[in-house]
Structures are given as structure tokens and as C-alpha cells.
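Please open the model in your viewer and keep the selection panel at hand. The tour below moves from stop to stop, saying what to select and what is found there.

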Amino acid sequence: MANPLYDRLIAPHAGKDTPFLHLPGDTTLTYADFAGRTAQFAHALMDAGLQTGDRVAIQAEKSPDTLALIFACARAGLVFLPLNTGYTASEIAYFIENSGATLFICDPAKAADMAPVAQASGAACETLSPDGSGSLQTTADAAMRDFATVDRDADDLAAFLYTSGTTGRSKGAMLTQGNLLSNAETLVDLWQFTERDVLLHALPIFHTHGLFVATNVILLAGGSMIFLPKFDQAEVLQALPKATSMMGVPTFYTRLLDAPEFTKDLAGHMRLFISGSAPLLAETHRAFEERTGHRILERYGMTETNMNTSNPYDGDRRPGTVGFPLPGVDLKVCDPESGGPVPRGEIGVIEVRGPNVFKGYWQMPEKTAAELRDDGFFITGDLGMVDADGYVHIVGRGKDLIISGGYNIYPKEIELLLDDQPGVLESAVVGVPHPDFGEGVVAVLVAEAGAAPDLNAIRADLKEKLAAYKRPKRIEVIENLPRNTMGKVQKNLLRDSYADSFTA
Ligand code: MLC
Ligand code: AMP
């Protein structure tokens, strides 16, 4: 009888009255409370008629109950599918339909818009609110605080995390219980997390970083988290003195450096600052050390693989590098054409293999075969090299991808919507330097002959269809897209032309 995630992350602490979550308003949720709540939600999910292996799509605000619901899915043998709270109804429709989710859970404020979308794909809709008033919470409140956890193998699916594709269609990355647990075990050891750790948690919990890296590491170590609803500079500064460690995307660290109150005195007691999900500029690394005396530990991961590499805990944390492959992870740099390994020091596509690597894309065998080799290596699409000391450097991306404030944005998805707009012949979307988000989205349009696209109408349509973080922060109409002799749009030229859009 086993359920690896429950057995290792929840069960060992289930009877403890020690804090798991420190919440705004000086309240605390203990491990025993949290374990009991996962049982109550597991009963509520069973009452909804779900069967082992069913998918549960969750678009709920960050709250202790949302976290308990996610672990309830694991306990009940269900596959959870966390979704960005910013997704619009048309984005959500795709995820429910593609995953075949039988249940969709959203905030009560969104239920009127979302319930018909769920029902159109045959999924039931329940609600969950940070104030406890959702329909699923009402059922859970009346349920028992223990639950006969469903047996699962390490190889059984635990989660689908959707990651957009270069063709514009999102793919459901299938992650097993073993993928998630093995990565957490490695990271706890490597980063020396213990029950004394208090992690400042300001990340969203619908992505790998905030959900698996941060939460699973803390659960495994038996530490606690200061659980903030989102990154708010003032709240983070206020919470910092009570924390021992923090995980964030580079924007968190540049925003902290923007605050004069962020001083050596405020940060001195901290054990560890970790950065990932997007490149941390070497200059940010250095400015951070100058201000606080701390060298940020940068690591590299992705949705399909969890974490792959990390700078050392003890040892030289080198700016501009993502450190060494994690124990148990094989990493090689390959020629994009031949697929063969390139000599050390040369640039190629990074491939990784290990217990962290996902099972494939849900119901997309061709895409799985194109990215996951028979020998288990996953082709990340990131361009990198390994230097003479063994440090991995990410130098670019082979895939057409923008990373803005740690969120991935696939230009193709936006281009497809722009190309459909009245008066638009074609479009191209690029990422250019942005002082806060690292990269900001710029769209260029070419008008149909004699037409003048209405940019306000276009913005309004994108607002309907796209989460806010994906919407272009600048839209321009130009004569022609620059193309090479093969007819391919030269996005590098567009990036150069619009490089000063947000930094001038
Ligand atoms: C918000 N906006 C963004 C944005 N976040 N635009 C581009 N990129 C983003 N990341 C929009 C808002 O909707 C708003 O638009 C305007 O920008 C200003 O918003 P803000 O108030 O400044 O943003 P804020 O709410 O403070 O959010 C910024 C942020 C957040 C950086 C705190 O984006 C965030 O938490 N990012 C973390 C993402 C993350 O967890 N990634 C991990 C992926 S896992 P408007 O139109 O309303 O004015 C992964 C694997 C790995 O990659 O290795 O970890
Ligand atoms: P996601 O699909 O959201 O999980 O994003 C994964 C991508 O984020 C990777 O393929 C990289 O391109 C990027 N990424 C993650 N961590 C880092 C890092 N430390 N430095 C540079 N890029 C990173």
C-alpha cells in the first residue's frame, strides 16, 4: 500500500502541531490542520464521483485550501492540472477539452463565465474561494479529517502542467509521482533544507517553481512557509526578517533591489536566496551581493523536467551560469542538426535525462517523439554550453519563446490571434529587454492593402482572449516583415529595431 507523494510529503507530519503555513494576519496553519484538510478535500472529490486517474482542472486563487486541494488529488489518485489564474474563458476551454478533465474548479467570482465552458466539454464545475465560501469547500467542511489514501506507484501520473508549443497549441506535460518526489529529494539535500527553514513564498502555485520546487521541498524537509498571496514588494520586505530562505524569479530580485529599505541589515540573517525560471542577469547577481553580502543561488529547470541544474550550495555560485547537473541528472549539449554531442565549451541544444523527466505530452505522441528520445533524453530547446569547470551556461533558446517575469509566452499563439484581426495581413511577435520583466512583448503588424487596422479594437479583442501577461505591451504597424532569402521572418532584426521599447 503506497502513495509516494502522500507517504513522503504529508504522512510523516500528519500528527504534528508545528506550523506549515504562516498566513497574513499572524495566523498559522499546522501540519495536522493541513493533512486533515487534504483528507476533507479528498472526500469531497470522491463525493463528486471521480475515479482514479481522472483529471481535475484547478483555476483557483493562491490559498491554503488550493494547496490542500492539490494534495487531496494526489491522495485520491487523481491527476491535478493547475491553471494560471489569469487565463480567460477561451484559454481555459482548451485545457479542459484537451485534458478531458471531469471536474473544473474555479473562484466563485468566475463561475458564471467558466461553468458553461466546463460544461461544454462535459466537465462539472465547483468553486473554491480564499475566504472558504466555495461549493467544494462547503462539501469538504462536513467531511472526515482522515481518508484512506489511494494506492499509487511512483510511475503513476500525478499532474498535467500545460506548456505552450511553438505551433501555438499547448501541450499537457504528464508528470508522475516519482518525477515530483525524486526532484524534491535531490533539492532538499543539495540546498540543505531542514525543519528549521521558513521559506518566503510569494510565487504563484500553478507552476513548477512555486508548487513543486518550493512547496514539495518544504514539505519534505518539514519546514514552514510564509505564504503570501503574490509578490508585493512591501509585504515581502515586511516578511523577510522572519524568513530563512526565499525562492523567486529574477523580477523578484530586481524589485527588491529597487527598494532602498532592502539593506544588508534586513537580509543579513537569511540562509539562502534562490533564483530561476528565467535568466538572472550577472549584473543583478553582483548588485545583490554588493547590497546584501549574499550570492543568489541560480538553478535551471522547466515544466517537463522539474529542476535540472543548480549552482552549488557550498562552493562558487557563478553569475551568469546555472551551475552543475543535479545528482542523478545526465546533461549533454548536442548539435541541433545531427543530434550528436558537441565538444565541451561549444554551444548546442541542452538535453537532459533522469528520474525528473516527464512521461510525455498527453495524447500527443508525435510531439512526445520529437522531443523525448528513445534513450530517455529530453530535448529542452534551450541553447547552452558547459564550460571548462563544468558549469552550465544558458546562452539562448532554440525555440521561439519569450519569458516575461518568469512566465512563458509563445509568440505563435499571439500571432495566430493577430493574423485573424480585420485589416491585418500578417504579424510577428518578439520579446525585447524590459527593466522589470526581463523581456516585454512587442507585436508588429502588416496591414492588408488599403486597410488601416484598428489598434484599439485589436487590444480589446486580445483582452477577451489572452491572459494579461501575454498581451503585447507595444503594437506597431509596419510596411513589411523583414524576411531572409528562405522567406523566414527575421525576428532578430525586429528585436534590434524595437530593443529600446521599454528601456529608453
Ligand atoms: C503581470 N503582468 C505581466 C507579468 N505579470 N506582464 C508580463 N509578464 C509578467 N510576468 C502584467 C499585469 O497583468 C499588468 O497588466 C501589468 O503587467 C503590471 O502588472 P504588475 O502589477 O507589475 O505585476 P504583478 O502582479 O506584480 O506580477 C509580476 C510578477 C508575476 C513578476 C510578480 O508575474 C509573477 O509572480 N511571476 C512569477 C512567474 C512564475 O512563477 N514562473 C515560474 C514558472 S515555472 P495590465 O494590462 O493589467 O496593466 C518554470 C520552471 C522553472 O519556469 O525553472 O522554474
Ligand atoms: P517553463 O516551460 O515555464 O517551465 O519554462 C522553462 C524555461 O525557462 C526553460 O526551458 C528555460 O528556457 C527557462 N529557464 C528556467 N530557468 C532558467 C535559468 N535559470 N536561466 C535561464 N533560463 C531559465
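Begin by selecting Tyr162, which touches Leu81, Tyr94, Phe95, Asn98, Ser99, Ser170, Lys171, Gly172 and Trp362, not counting residues up to four places away in sequence; contact here means heavy atoms within 4.5 Å. This is a predicted model, in which local features need pLDDT of at least 70 and side-chain atom pairs count only at pLDDT 80 or more, while totals for chains, interfaces and linings use all residues. Residues are numbered from 1 along each chain as its sequence is written, chains are lettered from A and ligands numbered from 1 in the order in which they are written, and side-chain values use heavy atoms, with hydrogens and water left out.

**Around Tyr162**

Tyr162 sits in strand β7 (residues 157–163), where helices (H or I, at least four residues) and strands (E, at least two) are DSSP runs numbered from the N terminus. At 10% relative accessibility, Tyr162 counts as buried; buried means under 20% relative accessible area, exposed over 50%, and partly exposed in between, with a 1.4 Å probe and protein chains only.

Next, select helix α4 (residues 89–99), whose buried residues are Glu91, Ile92, Phe95, Ile96, Asn98 and Ser99. Just after α4, Gly100 takes a positive phi of about 65°.

**The nonpolar cores**

Which residues touch the most other members of the largest nonpolar core? Of its 112 residues, they are Leu67, Phe193 and Met246, a nonpolar core being a set of buried Ala, Val, Leu, Ile, Met, Phe, Trp, Tyr and Cys residues joined through side-chain atoms within 4.5 Å. Helix α8 (residues 208–221) gives the most to this core, with nine residues. Centre on Leu67 and, leaving out residues up to four places away in sequence, its contacts are Phe20, Leu21, Phe34, Ile205, Leu211, Thr215, Met225 and Phe227. Apart from this core lies another, of 36 residues, among them Ala57, Leu83, Tyr162 and Leu462.

**Ligand 1**

Now select ligand 1, which is surrounded by 24 residues, the closest being Arg255, Ser277, Arg299, Ser404 and Lys473; a residue is near a molecule if one of its heavy atoms lies within 4 Å of it. A polar side-chain atom of Arg299 lies 2.7 Å from an oxygen atom of the ligand, and a nitrogen atom of ligand 1 is 2.9 Å from a polar backbone atom of Gly406. The protein covers 74% of the 1000 Å² of accessible area that ligand 1 has on its own, with areas taken from the Shrake-Rupley method with a 1.4 Å probe. The elements that give two or more residues to the shell around ligand 1 are α8, α10 (250–257) and β13.

**Ligand 2**

Move to ligand 2, where Arg299, Thr303, Asp382, Lys399 and Asn408 come nearest of the 15 residues around it. Oxygen atoms of ligand 2 are found 2.6 Å from a polar backbone atom of Thr303, 2.9 Å from an N or O atom in the side chain of Lys399, and 2.9 Å from an N or O atom in the side chain of Asn408. Taken alone, ligand 2 exposes 500 Å², of which the protein buries 93%. Strand β13 (residues 297–302) gives the most to this shell, with five residues.

Select Asn306 in strand β14 (residues 306–310), where phi is near 55°, a positive value in a residue other than glycine. Asn306 is buried, with a relative accessible area of 1%. Gln192, in the loop between α7 (177–191) and β9 (198–201), likewise has a positive phi, of about 60°, but Gln192 counts as partly exposed at 37% relative accessibility.

Finish at Thr321, in the loop between β14 and β15 (324–325), which is buried with a relative accessible area of 3%. A polar atom of the Thr321 side chain lies 3.0 Å from the backbone oxygen of Arg318. Leaving aside neighbours within four places in sequence, Thr321 is in contact with Glu298, Asn311, Tyr391, Val392 and His393.

Methods: Polar contact = N/O pair within 3.5 Å; in protein donor to acceptor, adjacent residues only side chain to side chain.
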